[in-house]
Amino acid sequence: MAQSFISYKRLVGVGDTLFVYLSPTNIYPIRVTTGSTFQTKYGALRHDQIIGKPYGCALQCAKGFVHLLHSTPELWTLSLPHRTQILYTTDISFICTQLDLRPGSVVCEAGTGSGSLSHAIARTIAPNGRLVTYDFHEERAATARQEFADHGLSDIITAEHRDVCCDGFAYTEYFDALFLDLPHPWLTISSANRALKPNGGRICCFSPCVEQVQKTCAALNDHHFLDIDTYECVLRPYDLKTQSMPSYQFSSTKSYSEENSEANEAMDEKSDESLAKKLRTEEDSSEKNDNSSDVKSNEYVLTYSPNQSTGHTGFLTVAVKYQ
């Protein structure tokens, strides 16, 4: 069975694209070919050694283990060769939800880039959906087309070289959803309006600057799009740490009001200032000794946010066509 990013096979075969996992920050995609060798920090990994191995297994190298992971859009996003800035899973999941993508959807993407979003869309709309993706850079479009073929996505994704800002969208039927990742998305809104299906066609525009968002929203409003909203996805990770904290145990069974009342009465009876001062000193000393014996240290697992959080990647403007 041919390997694909949208289906699963059990054993590694020649021509597969798999991911060599060393650690969460060290994941490498390789295309399996006979006679080749992949060098890792744990030693050489011969392709002939991994052919026929089950996906998910651990292989011993000279200095440690590596794991062979089946290809997924998420792993591709983490390790793909960057030809442009890319969208990450935080934004990708939100985009697929806002565009209401499902198996069988017909989708258009303007701004193929490195193909990060394209892989996720293909899996979402498989097996009967179709994605048409455009890039104004001819070489990038050709490279993406080859990657889609290598990853078993050619039946779903059509990658074309086209500048939609100047030439508009080429289509023979209406799109259910349309995504724009362009420097000037507002220039394409008129053509996008004609390309989207009436009464429910959804559009999403990605822009890193709020000035771009303002112009895009104005263009969407001029072409009578409704439910125009802009979102900002910010990833805020939390870390765990174990910390010792004191735990106090109080032996007194009296309520706070009872203890306070008794203390006031005692102070009234002792009008001699020097005697009262002496008594307070003795009480403070006694409390310190008593509390020191009652304090115990317990271990707690705490969550905390790092001092520096990753900022947003951009603004996502979504709207719906009702006409």
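**Figure 1. Q212 and its contacts in the predicted model.** Leaving aside neighbours within four places in sequence, Q212 contacts P183, W186 and S207. This is a predicted model. Q212 sits in helix α8, which covers residues 210-222. Is Q212 buried or exposed? Its relative accessibility is 14%, so Q212 counts as buried, because buried means under 20%.

**Figure 2. The whole protein, for orientation.** The protein has 323 residues, and 38% of them are buried. Its secondary structure comes to 10 helices and 15 strands. The accessible surface is about 18300 Å². Carbon and sulfur atoms hold 50% of that surface. Now take the contacts with a separation of 6 or more: residues 24 or more positions apart account for 65% of them.

**Figure 3. The largest nonpolar core.** This core has 34 residues. Which residues have the most contacts inside it? They are I95, L101 and F179. Several elements give two or more residues to the core. Among them are the helices α2 (73-79), α3 (89-98) and α5 (138-150). The strands β9 (157-161), β10 (177-180), β11 (201-207) and β15 (315-321) are also on that list. Helix α4 (116-125) belongs there too. Which element gives the most? It is α4, with 5 residues.

Figure 4. L101 is one of the residues with the most contacts inside the largest core. Neighbours within four places in sequence are again left aside. L101 then contacts C96, V107, I121, T124, I125 and A177.

**Figure 5. Residues listed by UniProt as a binding site.** An unreviewed UniProt entry lists S114, G115, S116, L117, D135 and D181 under "binding site". These residues are spread over 68 residues of sequence, yet they cluster in space. The largest C-alpha distance among them is 13.4 Å. Where do they lie? S114, G115, S116, L117, D135 and D181 are in the lining of the largest pocket.

Figure 6. L117 is found in helix α4. Buried or exposed? L117 has 3% relative accessibility, so it counts as buried. Its contacts, leaving aside neighbours within four places in sequence, are L87, I92, I95, E109 and F179.

Figure 7. D181 is placed in the loop between β10 and α7 (189-195). Its relative accessibility is 26%, so D181 counts as partly exposed. That label covers values between 20% and 50%. Which residues does D181 touch? Not counting residues up to four places away in sequence, they are A110, G111 and F206.

**Figure 8. Aromatic pair Y28 and F38.** The count of aromatic pairs comes to 7. Y28 and F38 form a tilted pair. Their ring centres are 5.8 Å apart, with 55 degrees between the planes. Y28 lies in strand β2 (residues 26-31), while F38 lies in strand β3 (residues 37-40). The pair therefore ties together parts that are 10 residues apart in sequence. Y28 has 34% relative accessibility, so Y28 counts as partly exposed.

Figure 9. Y171 counts as partly exposed, at 33% relative accessibility. F175 is buried, with a relative accessible area of 3%. Elsewhere, F5, F19 and W76 form one aromatic cluster.

Figure 10. A62 lies in the loop between β5 (58-60) and β6 (65-69). Is A62 buried or exposed? At 72% relative accessibility, A62 counts as exposed, because exposed means over 50%. Along the chain, A62 and G43 are 19 residues apart.

How values were computed:
Residues numbered from 1 in each chain as written. Predicted model: local features only at pLDDT ≥ 70, side-chain atom pairs only at ≥ 80, totals over all residues. Heavy atoms only, no water. Helix = DSSP H or I, 4+ residues; strand = E, 2+ residues; numbered from the N terminus. Buried < 20%, exposed > 50% of the residue type's maximum accessible area, 1.4 Å probe, protein only. Contact = heavy atoms within 4.5 Å. Areas by Shrake-Rupley, 256 points an atom, 1.4 Å probe, with all protein chains shown as cover. Core = buried A, V, L, I, M, F, W, Y, C linked by side-chain atoms within 4.5 Å. UniProt positions renumbered as here; feature names shortened; annotations may be inferred. 1 Å grid on protein atoms, 1.4 Å probe; cavity = no way out; pocket = protein on both sides within 12 Å on 5 of 7 lines; lining within 4 Å. Phe/Tyr/Trp six-rings, centres within 6.5 Å; stacked < 30°, edge-to-face > 60°.
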